[in-house]
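Subject: Structure handover

Hello,

Here is the structure for you to look over. My notes on what was found come below it.

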Amino acid sequence: MPTYFLTGGNRGIGLEFVRQLASRPNTTIIAAVRSKANDTSELASLNTSHNIHIIECDVSSLDSLSSLEFRVAEILSKTGSNLDFLFNVAGINATSADTSLNLTPESLQNHMQTNVFGPAKIVQSLARYLARGAVVLNMTSGLGSLTVATDVTKCCTYSMSKAALNMLTLHQAKDLKGAGVKVICVDPGWVKTRMGGKGAMIEAEVSVGSVLDVVKGLKDGDSGKFYRYDGAIVPW
C-alpha cells in the first residue's frame, strides 16, 4: 500500500496529484496545505475512501516546517507505513515582473525561503520515514534551467530560486543514495492553474498524469536527473 506525502494539496498541481492518486486502490495520501483556514473543500471532497490525511504545512514558515515531522509521524504510526513518495509541489512566483535590475531583497528572500529552503527542510524532517526505494520529487521549472531560460527576462527571482532548487536536488540525490532513495526534479510545463496564469497551455490533468508516469518508470540510475513532465531530460 503506497503512501504519498505532498505539499500544496488544496489547489493547482498539488490538488490534481491528490485527485489522480485518490482514485488508486490501497493508497494513502498525506496532503499538506498552507492553512486549513483556506478553502480545502475540494480536497476534502476527494476523500471518499478516507485515505487522505490533510495537515497544515506552510513551506514559507520555519515554525510550521519544524512541527511537520510530528504531524506526519503521528499519521504513519496509525497506518503502520513509511513514505514511498515525497512530492515537494508547493511554491510561489509572487513577483513575476522581477528582472535583474529591479529585484528586491524581500522578494529574493521570500522565494528562496519558500521554493528552496522549504523543500530542503521537508526532506530533512522526513528522511527517516522514507522507505528504501522511495522517490523524492521536487517540482521545478524550465525557468530554472540555465540552458532553457537564456532568453527570458522576467521572473528573475523565481528563476533564481528554481535554479537553486535544482542544485538542492543534486545534493539530496547524493545524500540519500545510501538509503536507496531516488531524488529528481521535474518541470511540469506551463500548466493551466492560478499560478500558471494567462497563456498557459497544458491541462493540469495531462501534466500530472505524465509526471506520475515518469515517476513510475524511474530506475536506480535516474536519481539526480532533471525531467520535463513528458519524460524528456531537461539540460541544466
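The notes go from the sheet to the helices, and then to single residues.

This is a predicted model: local features need pLDDT of at least 70, side-chain atom pairs count only at pLDDT 80 or more, and totals for chains, interfaces and linings use all residues. Residues are numbered from 1 along each chain as its sequence is written, and side-chain values use heavy atoms, with hydrogens and water left out.

**The sheet**

Helices (H or I, at least four residues) and strands (E, at least two) are DSSP runs, numbered from the N terminus. Two strands pair if DSSP finds at least two bridges between them.

Seven strands form an open sheet with parallel pairing. Their order is β3-β2-β1-β4-β5-β6-β7. The edges are β3 (52–56) and β7 (226–228). Each has a single partner strand, so one side of each is left without a neighbour in the sheet. On average, neighbouring strands of this sheet are turned by 20° against each other, direction ignored. Axes here are lines fitted to C-alpha atoms, for helices over the stretch in contact, and angles run from 0 to 180 degrees between N-to-C directions.

Some pairings in detail:

- β1 and β2 (residues 28–33) run parallel and are joined by five bridges. Leu-6 stands opposite Ala-31 in β2.
- β4 and β5 run parallel, also with five bridges. Leu-86 stands opposite Val-136 in β5.
- β5 (residues 130–139) pairs with β6 (residues 182–187) in the parallel sense over five bridges. Val-136 has Val-183 as its bridge partner in β6.

Helix α5 (residues 105–126) packs on the sheet. It touches β1 (3–7), β4 (83–88) and β5. The direction of α5 makes about 165° with that of β4. Contact means heavy atoms within 4.5 Å.

How much of the sheet is covered? For accessibility, buried means under 20% relative accessible area, exposed over 50%, and partly exposed in between (1.4 Å probe, protein chains only). Five of the five residues of β1 are buried, so this strand is largely enclosed by the rest of the structure. Thr-3, Phe-5 and Thr-7 point one way from β1, while Tyr-4 and Leu-6 point the other way. In β5, eight of the ten residues are buried.

**Helix α1 against α7**

The axes of α1 (residues 12–22) and α7 (residues 204–216) come within 9 Å. They cross at roughly 65°.

From α1, the contact uses Ile-13, Glu-16, Phe-17, Gln-20 and Leu-21. From α7, it uses Ala-204, Glu-205, Val-208, Gly-209, Val-211 and Leu-212. These residues divide into seven nonpolar, two polar and two charged. Ala, Val, Leu, Ile, Met, Phe, Trp, Tyr, Cys and Pro count as nonpolar, Asp, Glu, Lys and Arg as charged, and the others, Gly among them, as polar.

α1 is mostly covered, with nine of its eleven residues buried. Among them are Gly-14, Leu-15 and Val-18.

**Single residues**

Thr-157 lies in helix α6 (residues 156–175). It is buried, at 0% relative accessible area. Its side chain makes a polar contact with that of Asp-98 (2.4 Å). A polar contact is a pair of N or O atoms within 3.5 Å; within protein, one must be able to donate a hydrogen and the other to accept it, and residues adjacent in sequence count only if both atoms are side-chain atoms. Beyond four places in sequence, Thr-157 also has contacts including Thr-95, Ser-107 and His-111.

Lys-154 is in the loop between β5 and α6. It is exposed, at 52%. Lys-154 and Thr-95 are 59 residues apart in sequence, but 9.2 Å apart in space, C-alpha to C-alpha. Leaving aside neighbours within four places, Lys-154 is in contact with Ser-96, Asp-98 and Ser-159.

Most residues other than glycine have a negative phi. Cys-155 has a positive phi of about 55°. It is in the loop between β5 and α6, and is buried at 6% relative accessibility. His-50 has a positive phi near 55°. It is in the loop between α2 (41–45) and β3, and is exposed at 67% relative accessibility.

Best wishes
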